[in-house]
Amino acid sequence: MIDGAPGRARDRDRGWRRLPPVRVVRWAWWRWRRSLQLRVVSSALVISLGVVALFGAFLLARITDGQLEKQRADAESLYTTSVLTTAQDLLIGLSDRSADSVRAVLNNVADKGPSGTHFELTSRAGDAFFLPDEAQDADVPKDLRDKVRNTSNGPKIYRAYSMMTLEGSNQRVPAFVIGSPATSSYDLYMLMPLTSQVETWELVRRSLLAAGIGLALLIALVVLVITRQVVTPVTHAARIAERFAAGEFAERMNVNGEDEMARLAETFNRMAANLQQKIGELQELSRVQRRFVADVSHELRTPLTTVRMAADILYAVRQDFAPEISRSAELLQKELDRFEGLLVDLL
């Protein structure tokens with residue numbers, strides 16, 4: 001059975017590709033349970049992937065928060081120092097409140113913002129003007145509009161994150177939205193796309209993912225090399241023990257170096273030598289016992305046979321003897337039977 005086990009294992013290893021999915025899982029579980037090295041490497045890989053994932057998520061969150069904070073500060077600075085002041089100056093000095101005049105004001109305001117930024121100028125009466133023309137008022141969150149519209153005690157700046165449609169395309173990207181009352185009659189909104197930030201986040205995410213997988217595989221490779229140095233002697237010792245169980249008592253482990261595994265191999269070899277010596281002594285004792293039994297059998301059966309022959313003759317003619325002699329012949333026959341039974345049990 002021991003010699004056949006490795007053969008069955010090799011057959012499983014060679015034929016796993018031909019197995020259905022359920023049996024493939026069972027085969028993988030069987031390999032995982034029987035291989036200490038595979039368990040150590042897989043555990044190290046899973047743990048390292050978990051650590052890298054946690055570290056990557058933390059790092060990505062920190063980078064995202066830092067970029068958003070910088071974008072918010074830059075957008076608020078641009079809005080308060082340039083965009084809002086320009087809109088207020090133009091709207092206060094505006095005598096003609098026609099749509100073309102208001103749109104001209106919005107064009108002047110848009111010149112103060114970076115490329116790709118959307119602007120919206122909404123009157124308290126309900127008219128709304130957009131730049132570019134295809135910008136949608138749905139990009140500004142409703143709660144932000146309500147806060148701006150309900151502000152009555154001086155200009156206040158409100159901010160929020162939303163989604164906006166890029167100019168000239170249908171692509172929706174995250175955006176930073178700032179809004180405030182420009183005058184008592186108009187509200188001004190500025191939507192700055194976070195396109196570059198999203199691209200940076202994607203680049204960082206892909207880089208962290210690639211670096212994390214590479215680091216995890218490198219850790220698994222290092223663990224594989226280290227465990228191989230430890231598991232290989234143990235595997236060799238297990239094979240030697242199997243051969244010992246099969247009766248091959250001359251097998252020994254290879255001793256390389258002076259480390260713990262080398263001392264283990266030396267100890268195993270001494271144990272194997274002592275075990276071989278004890279087994280030899282037991283075999284010699286067994287041979288002596290068999291010889292003793294044979295000698296006892298010969299020495300006891302020879303006189304017993306002679307006595308049995310004489311007792312059988314006496315027992316056959318016991319009727320011709322006196323009663324006490326006849327009774328003695330019967331007792332002799334009975335005790336000889338009992339003695340033979342004891343001899344058989346002894347042997």
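Predicted model: local features only at pLDDT ≥ 70, side-chain atom pairs only at ≥ 80, totals over all residues.
Residues are numbered from 1 along each chain as its sequence is written, and side-chain values use heavy atoms, with hydrogens and water left out. Local features need pLDDT of at least 70 and side-chain atom pairs count only at pLDDT 80 or more, while totals for chains, interfaces and linings use all residues.

Let's start with the charges. A salt bridge here is a side-chain nitrogen of Lys or Arg within 4 Å of a carboxyl oxygen of Asp or Glu, and the count comes to 13. Three of them are listed below.

| Pair | N to O distance |
|---|---|
| Glu76 and Arg72 | 3.0 Å |
| Glu76 and Arg159 | 2.1 Å |
| Asp146 and Arg149 | 3.4 Å |

Glu76 and Arg72 sit 4 residues apart in helix H3 (residues 36-92), so about one helical turn separates them. Glu76 is buried, at 16% relative accessibility, where buried means under 20% relative accessible area, exposed over 50% and partly exposed in between (1.4 Å probe, protein chains only). Arg72 is partly exposed at 23%. Glu76 in helix H3 and Arg159 in strand E3 (residues 158-165) tie together parts that are 83 residues apart in sequence. Glu69, Arg72, Glu76 and Arg159 are linked in a network of salt bridges.

Asp146 and Arg149 are 3 residues apart in helix H5 (residues 142-149); helices (H or I, at least four residues) and strands (E, at least two) are DSSP runs, numbered from the N terminus.
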